[in-house]
Amino acid sequence: MAEQALTLLREVARLEAPLEELRALHSVLQAVPLNELREQAAELRLGPLFSLLNENHRLEELLKILMLLLRF
């Protein structure tokens, strides 16, 4: 399940308007056990998420995702 989150993070990074991917990422992150995320922490590239905050993307969706990632 953590692998699915990593895949979605990569997709978000390459798309111009990743709203659907952000929603999917949010759903996946809610379901992934924290220990799985911790094991994959080195591979989580969060820079693209932060760069989306500077663009015209849904701030609410991004903040939900970042809050989920801050759990670990």
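Colleague: Why is Leu-63 called partly exposed?

Modeller: Its relative accessibility is 42%. Buried means under 20% relative accessible area, exposed over 50%, and partly exposed in between (1.4 Å probe, protein chains only). Leu-63 therefore counts as partly exposed. This is a predicted model: local features need pLDDT of at least 70, side-chain atom pairs count only at pLDDT 80 or more, and totals for chains, interfaces and linings use all residues. Residues are numbered from 1 along each chain as its sequence is written, and side-chain values use heavy atoms, with hydrogens and water left out.

Colleague: Why does Leu-8 count as buried?

Modeller: Leu-8 has 10% relative accessibility, so it counts as buried. Across the protein chain, buried residues make up 35% of the 72 residues.

Colleague: What does Leu-8 touch, leaving out residues up to four places away in sequence?

Modeller: Glu-21, Ala-24, Leu-25 and Val-28. Contact means heavy atoms within 4.5 Å.

Colleague: Which helix holds Leu-8, and which holds Leu-63?

Modeller: Leu-8 is in α1, residues 2-14. Leu-63 lies in α5. Helices (H or I, at least four residues) and strands (E, at least two) are DSSP runs, numbered from the N terminus. The protein chain has five helices and zero strands.

Colleague: How many of the contacts with a separation of 6 or more link residues 24 or more positions apart?

Modeller: In the protein chain, 68% of them.
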